[in-house]
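Thanks, everyone. I will keep this short and talk about how the pieces of this fold pack together.

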Amino acid sequence: MDSSMKDPDWDPVPLIAGSGGVLTEELRTSHAGRRALMLTRNENPTEFLALADTMDVQVVEIVAQRGRSDKRTHLGRGRLEAIRDELRMAPESHPWFGIDLVLVNANLSARQLVNMTDMLQCETWDRVRLLLELFTQHASSVEARNQVRIARLNADRNVLRELVNRETTGERLGYGAGGRTGWNVALNALNRELKTLRGRQRRYSRAIKERQRQRRASGARTVGLAGYTNAGKSSLFASLCGKPVIVEDRYFSTLETTVGRMQFSPRVLLVDTIGFIDDIPSDLLDAFSATLKESLECDLLLLLLDCSDPVEEVVRKFETSRRELFDRSDPDAGSYDLLVVLTKQDSCSESHVVAVNHALDSFGVSETILTSSTSSEGIEHLRSNILTRLHGPPISFLVSPPNSASDRPIAAIESEIRRNSMVGERRMSDEGLHLVAWIDPADWVRLNRSLGDRIHREVDQPSQAE
Ligand SMILES: Nc1nc2c(ncn2[C@@H]2O[C@H](COP(=O)(O)OP(=O)(O)OP(=O)(O)O)[C@@H](O)[C@H]2O)c(=O)[nH]1
Ligand SMILES: [Mg+2]
């Protein structure tokens, strides 16, 4: 890299291809304000640009070269050399002046990444590297940082193996103070660290399992929120729970699991977690599998789709999410009920919603629920749909007034009922308190036993309680 182009804060340590210096612990936690050049082949650059934007990296120009990816260098060698020369010689007036990062819109092999970094003589990230940097920035809990670090080290290991391999075959790199022994030492250190982190991750998974077991034992029902990144999962979670969580217009703002009680429904727990993205290498997402599992091992899964996206984008994100869910579901675990929820209703027209539903119908999705966390439209409808799916239809019943002074007052009985159910309607009359509530069948049996003749079903409707 030309020294005139270096960021003054960036220590001139030998650069491991696309690692952002992570192996040398020269970890840069912010890349905000960096100027980058994007290289692409036939891929659509929109999502990659949005990811770079999330990191506040400014993409100065997109250089496209059509055709098949080259196995060694992705783009043609001649083209890369021309780019390198132009980057090196860019005068202050040139738009490329000050660029110190090249973003490649593809998931590269370690070989391609090393070769490209070497030829461009500039820090080079592919899509996986960009996601890893983004995850590193957004990981705020100890568990999330552990998971991100594992994902990073896995990716670095592939690069290191490639470097060791090159030294063995006599190919020299134009940078780096490695050498076969040096890279091997780094590889061993990396493997040791991975072992420690995986041990920690196993303990973390066990803690999640224990949490899940306790929830089940307490009779709680869980509702997982899944969907593409930026679909509006955390916003919906906050609307349903009345609990603040990180909501930002950026990709992957959530990297850890948040569990919250659905408001007014003490027995229903919602689980918000990391989102999906297209074409993510499975070992990258594997680091997050414990996190994902916590929301996928549930009684009901809400699959969220951002309805304000163009129809083909909704379909693409639906297919990605469905694939990830399928790949990640544990065949030994019980099956869950799935409900597709369309979000951001406030940002789209009625005709657009019809078109989205029509497109989803051809994928076998005949029912969707339309919501907006911004305007709260559809939230109550979703809440009752969730409750009916979990507990069956609501039950209408009457709480009679006390017969003697020693009988419990209506208010005390009502608060006991509310601790175990979600009350939808409430009305007082001369006969007593009329309630319509979603009650888990087991809870209804228990209430009947403890309250005896103080509660009576009002409408003769079939119930799972009987
Ligand atoms: N107009 C509108 N915007 C919304 C709505 N819900 C969420 N958003 C916006 O969509 C963006 C993403 O929302 P989040 O709730 O963070 O989405 P997420 O799925 O949790 O995203 P990640 O955690 O990054 O995967 C934010 O800018 C929200 O303000 C909605 O109902 N209407
Ligand atoms: Mg989120």
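Before the sheet, one term: two strands count as paired if DSSP finds at least two bridges between them. Bear in mind that this is a predicted model.

With that, 6 strands make up an open sheet, ordered 6-7-5-8-9-10, and the pairing is mixed. At the edges sit strand 6, residues 258-262, and strand 10, residues 368-370, each pairing on one side only. From one strand to the next, the twist averages 30°.

Helix 11, residues 350-361, packs on it and touches strand 8, strand 9 and strand 10. The direction of helix 11 makes about 150° with that of strand 9. Helix 12, residues 379-391, lies across strands 5, 6, 7, 8, 9 and 10, and runs at about 175° to strand 9.

Last, a helix pair. How do helix 1 and helix 4 pack, and at what angle? Helix 1, residues 46-54, and helix 4, residues 127-138, pack at about 30°, with axes 10 Å apart. The crossing is left-handed. Helix 1 contributes E47, F48, L51, A52 and T54 to the contact, and helix 4 contributes R127, L130, L131, L134 and H138. Sorted by class, that contact has 6 nonpolar, 2 polar and 2 charged residues.

That is what I have; I will take questions.

Key:
Residues are numbered from 1 along each chain as its sequence is written. Chains are lettered from A and ligands numbered from 1 in the order in which they are written. This is a predicted model: local features need pLDDT of at least 70, side-chain atom pairs count only at pLDDT 80 or more; totals for chains, interfaces and linings use all residues. Side-chain values use heavy atoms; hydrogens and water are left out. Axes are lines fitted to C-alpha atoms, for helices over the stretch in contact, and angles run from 0 to 180 degrees between N-to-C directions. Helices (H or I, at least four residues) and strands (E, at least two) are DSSP runs, numbered from the N terminus. A crossing is left-handed if the near helix is turned anticlockwise from the far one by less than a right angle, and right-handed if clockwise. Contact means heavy atoms within 4.5 Å. Ala, Val, Leu, Ile, Met, Phe, Trp, Tyr, Cys and Pro count as nonpolar, Asp, Glu, Lys and Arg as charged, and the others, Gly among them, as polar.
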